[in-house]
Amino acid sequence: MKLSRFKFTLPSESIALYPAKNRDESRLMVVHRQTGEIEHKIFKDILHYFGDGDVLIFNDTLVFPARLYGNKEKTGAKIEVFLLRELNKELRLWDVLVDPARKIRIGNKLYFGEDDSMVAEVIDNTTSRGRTLRFLYDGSHDEFKLSLFSLGEMPIPSYIQRKVVPEDTERYQTIFAKNEGAVIAPAAGLHFSRELMKRLEIKGCQFAFITIHSGLGNFRDIDVEDLTKHKMDSEQVIIPLEATKIVNKAKDENRQICSVGSSVLRALETTVTTGGHLKEFEGWTNKFIFPPYDFSVATSLITNFHMPLSTMLMQTTAFGGFELIMDAYKEAIAEDYRFGAYGDAMLII
């Protein structure tokens, strides 16, 4: 499978700049894999596709305010720092990206906040853009995190070309987010409202929660035409025992198992046994899924409409079938569906 096959023209006006007024009222395209039928619905219509004993698997990661703006010592040059992950609690070490990278050297100090209340020192250069920062802070770890995150803003994707607004704090987060660690929201999960979850429960649907802390690797450009040569960045996955019991029972009973999002789909395929069951897991995955691929756990997938040439698009076509999904994307553009994290959704069933 070649990279160029995933190229298509996406009009800029098709990218959603803001979420739908109500979470569960985005549009929903339903794609039937067996017949090729495409239906046009509203997201809360997913109620009609799931019933008693069916399982929906959600990613309960919590996005933290990862984007900071600061100044370099002496020169006062403006620097954007993107927090990726905490490396060491006691030493206040963080893996970060800096922009512009060329201006930052080991030993430089960076200042954040209107009164320069937060100071960090560059202690390592790991990649062309990446750095390790040590934050200089005397209080407790909880106080430090509170202070650090008060200076940050929600890391909405760069293709959403506007400034972050207060609404993003709530809307670039699922209603069930609880385990902090992601810099990318699980977009498919953003469509679920409390009312919709309750109505699914009343129908007898079961929910399984796993944690995938998605990083910026999902947005990294692929620079090889032969997809077998692309290496995915690793992301942390936690699949608790409770989730495995719910999923495996549904599989044994031949129920519908829906992966809510491409991050969930990758995690499931990372941890599945040879017998097709899910196992408890805590670790990392760099699994890269593209067509053709045989999936072992999920029978359906909810996902947003993705950017051209993206790994999420490749995974979606692997699940739904390359030709069918690429045709569905053409129809989505013609029918004015909204693309991206704040856009509309697709149910592949």
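## An aromatic cluster

Phe-43, Phe-58, Phe-176, Phe-192, Phe-207 and Phe-209 form one aromatic cluster. The model is predicted: local features need pLDDT of at least 70, side-chain atom pairs count only at pLDDT 80 or more, and totals for chains, interfaces and linings use all residues. Residues are numbered from 1 along each chain as its sequence is written, and side-chain values use heavy atoms, with hydrogens and water left out.

Rings of Phe, Tyr and Trp (its six-membered ring) pair if their centres lie within 6.5 Å; planes under 30 degrees apart are stacked, over 60 edge-to-face, and the rest tilted. By this rule the count comes to 23 aromatic pairs. Phe-58 and Phe-192 form an edge-to-face pair, 4.9 Å centre to centre, with 90° between the planes. This pair links distant parts of the chain, 134 residues apart. Phe-58 is in strand S3 (residues 55–59), and Phe-192 is in the loop between strand S11 (179–182) and helix H3 (194–202). Helices (H or I, at least four residues) and strands (E, at least two) are DSSP runs, numbered from the N terminus.

Buried means under 20% relative accessible area, exposed over 50%, and partly exposed in between (1.4 Å probe, protein chains only).

## Charges over rings

Two arginines sit over phenylalanine rings. Arg-5 lies over the face of Phe-322, at 4.3 Å from the ring centre. The charged end of Arg-33 is over the ring of Phe-319, 4.2 Å from its centre. The rule asks for NZ of Lys or CZ of Arg within 6 Å of the ring centre and within 35 degrees of the ring normal.

## The barrel

Six strands form a closed barrel in the order S5-S6-S7-S10-S9-S8, with antiparallel pairing. The twist averages 45° from one strand to the next. Axes are lines fitted to C-alpha atoms, for helices over the stretch in contact, and angles run from 0 to 180 degrees between N-to-C directions. Two strands pair if DSSP finds at least two bridges between them.

How many bridges join S5 to S6? Strand S5 (residues 67–72) and strand S6 (residues 78–88) share five bridges. Leu-68 stands opposite Val-81 in S6. S5 and S6 form a hairpin with five residues between them, and Lys-74 in the turn has a positive phi of about 70°.

Seven bridges join S6 to strand S7 (residues 93–99). Here Leu-83 faces Val-96 in S7. This hairpin has four residues between the strands, and Arg-92 takes a positive phi near 60°.

## A helix against the strands

Helix H1 (residues 141–151) has buried residues, including Phe-144, Leu-148 and Phe-149. The buried residues of H1 pack against S5, S6, S7, strand S9 (118–125), strand S10 (130–136) and S11. Contact means heavy atoms within 4.5 Å.

The peptide bond from Asp-99 to Pro-100 is cis, with omega near 0°. Pro-100 is in the loop between S7 and S8.

Asp-116 is not a glycine, yet has a positive phi of about 55°. Asp-116 lies in the loop between S8 and S9 and is partly exposed, with a relative accessible area of 40%.
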